[in-house]
Amino acid sequence: MIRQLEVGDREGWQRLWRGYLHFYRGDVPDEVTSTTFTRLCEASGGLLGLVAVEDGGDPAGFAHLVFHPSTWSGTTYCYLEDLYVDPRHRGTGTARQLIEAVYDQADRMGASRTYWATQEFNSPARSLYDVVAHRTSFIIYER
């Protein structure tokens, strides 16, 4: 089942968050993690958290969305900033269900575009992304 992230999901979400950061070799200070979790639960500042839960309610994966205006559209866009599924649940359709829930949420919010980025080495995820979306020719630069 996919639903909005709730305060009671903190422990399970944090376990997944640590796995996600480890996968991408990222480091986020604890205070930023706390602020992020709160914003995702409250759906504030354009952020919204979705969580895939097992039958017992334990989080198995998450999707973090950022809704923002665009200079190219009169509607909002939905950026799927983070998507992660616990390794024990990979290959079960959980990632696809999360992406479909992202699309549903984007439609409810009136977003005319849903997009995300991943690293080139993430071939297992990219094989799914190639089925549920189309790859663009854009290259990301950052400072």
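How much space lies in the largest pocket? About 1,400 Å³.

This is a predicted model, in which local features need pLDDT of at least 70 and side-chain atom pairs count only at pLDDT 80 or more, while totals for chains, interfaces and linings use all residues. Residues are numbered from 1 along each chain as its sequence is written, and side-chain values use heavy atoms, with hydrogens and water left out.

**Pockets**

A pocket is an open set of points on a 1 Å grid over the protein atoms alone, where a 1.4 Å probe fits, with protein on both sides within 12 Å along at least five of seven lines; lining residues have an atom within 4 Å of a point. Points are joined across faces, edges and corners, and the volume is the space filled by probe spheres set on them.

Strand S4 gives the most to its lining, 6 residues. Helices (H or I, at least four residues) and strands (E, at least two) are DSSP runs, numbered from the N terminus.

**Core**

A nonpolar core joins buried Ala, Val, Leu, Ile, Met, Phe, Trp, Tyr and Cys residues through side-chain atoms within 4.5 Å. Buried means under 20% relative accessible area, with a 1.4 Å probe and protein chains only. The largest nonpolar core holds 21 residues, and Ala-63 and Leu-65 touch the most other members. Helix H3 gives the largest share of this core, 5 residues.

Leu-65 is in contact (heavy atoms within 4.5 Å) with residues including Leu-47, Cys-78, Tyr-79 and Val-102, not counting residues up to four places away in sequence. Another core, of 15 residues, lies apart from the largest one; Leu-21, Leu-47, Phe-62 and Val-66 are among its members.

**Cysteines**

The whole structure has 0 disulfides, a disulfide being a pair of cysteine sulfur atoms within 2.5 Å. For Cys-41, the nearest cysteine sulfur is that of Cys-78, 17 Å away. Cys-41 counts as buried because its relative accessibility is 14%. Cys-78 has 0% relative accessibility, so Cys-78 counts as buried.

Notes:
Buried < 20%, exposed > 50% of the residue type's maximum accessible area, 1.4 Å probe, protein only.
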